[in-house]
Amino acid sequence: MEEIKVFAPATVANLSCGFDVLGCCLDNVGDEMIIKKNDLNQLRITKMEGQDLPMEVDQNVAGVAVKAMLGKLQSNEGFDIEIYKKIKAGSGIGSSAASSAGAVYAVNKLLDSPFSSAELLPFAMEGERLASGNAHADNVAPALLGGFTLVKSYEPLEVLSLPSPEELNVVILHPQIEVKTKDSRAIIKRNISLDKAVSQWGNLGALVSALYTNDYDLLGRSLKDDIVEPIRSILIPYFDEIKAISLESGALGFGISGSGPSVYAMCRGQQNAENVKASIAEFMEKQSITYDLHLSKINPEGVKIL
């Protein structure tokens, strides 16, 4: 293969109780990327559409991620990367992770797959380091592995794939304001009470159990966050109102997607998700904020070839 085109999916990280360790992959929201071999022994970003992002390799998350992978292989092979951004930067649904994951996945395929999907994670995380100052895996893991993923540890890196109940659908609201991950992380408290920590551990454990047992009621009762959400939600317009509307309309749970400003409503069945989406749209039409609204199933594959 000399050229490959891939779909690089959006992701929802944290999922309320799983700050920095939990994420899931979306099915119909994401970027497209075309990667071609070149004869120049150079890594280049040759095209960028949809967003005004750096074309310099060392300033672009896709370039940094691929450069890390080629360095590990001690390869001087050249590649041209075209990025068609459909996920807005700073949206909270893994824009930088999609570019990083999509790029390393595609180049790996063009090199006859020297790495497994799990082995690509550290390279994609270098793109996240550039974007946010922190090489976190809660977005790139579901983007590369699909479904739900849990980061058990970072030293050493260990990521677990979790099952995805078939009826789950996610409604994503992206208010058209930008919340930078660096800024959103800066306001989080570094010390928390033991009571809140215990509550959070309980919810995270229960959520993992719910995914394995297809217990939708338990899943909804587990999507709670008393540590990060109360602080970050202040940055998101109408958060409390939209949360109440979503839950009243049938959502299992509601929370902040990543660092925001996007929010997510987890729903059982497409009809419930459609009802939640319609209720959110009705409310947002009365506000003065431009927004995007998505409905997606869980993507079990992650990055895929188009």
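Two residues are in contact when they have heavy atoms within 4.5 Å. Please keep in mind that this is a predicted model.

**Exercise 1. Find what share of the contacts with a separation of 6 or more comes from residues 24 or more positions apart.**

Solution. Start with the contacts whose partners have a separation of 6 or more. Within that set, residues 24 or more positions apart account for 73%.

**Exercise 2. Describe the overall build of the protein: how many helices and strands does the protein have, and what is its radius of gyration?**

Solution. First, the secondary structure: there are 10 helices and 11 strands. Next, the radius of gyration is 19 Å, close to the 19 Å given by the globule rule for 306 residues, so the protein is as compact as a globular protein of that length. Then take the extent: the C-alpha trace spans about 60 × 40 × 35 Å along its principal axes. Finally, 55% of the 306 residues count as buried.

**Exercise 3. Locate two cis peptide bonds: which residue does one join to Pro 156, and which residue does another join to Pro 261?**

Solution. Glu 155 is joined to Pro 156 by a cis peptide bond with omega of about 0°. Pro 156 sits in the loop between strand E5 (148-154) and strand E6 (157-162). Gly 260 is joined to Pro 261 by a cis peptide bond with omega of about 5°. Pro 261 sits in the loop between strand E8 (253-256) and strand E9 (263-268).

**Exercise 4. Decide whether Gln 74 is buried or exposed.**

Solution. Gln 74 lies in the loop between helix H1 (61-73) and strand E4 (78-84). Although Gln 74 is not a glycine, its phi is positive, about 55°. Its relative accessibility is 77%, and exposed means over 50%, so Gln 74 counts as exposed.

Conventions: Residues are numbered from 1 along each chain as its sequence is written. This is a predicted model: local features need pLDDT of at least 70, side-chain atom pairs count only at pLDDT 80 or more; totals for chains, interfaces and linings use all residues. Side-chain values use heavy atoms; hydrogens and water are left out. Helices (H or I, at least four residues) and strands (E, at least two) are DSSP runs, numbered from the N terminus. The radius of gyration is taken over C-alpha atoms; the globule rule is 2.2 Å times the number of residues to the power 0.38. Buried means under 20% relative accessible area, exposed over 50%, partly exposed in between (1.4 Å probe, protein chains only).
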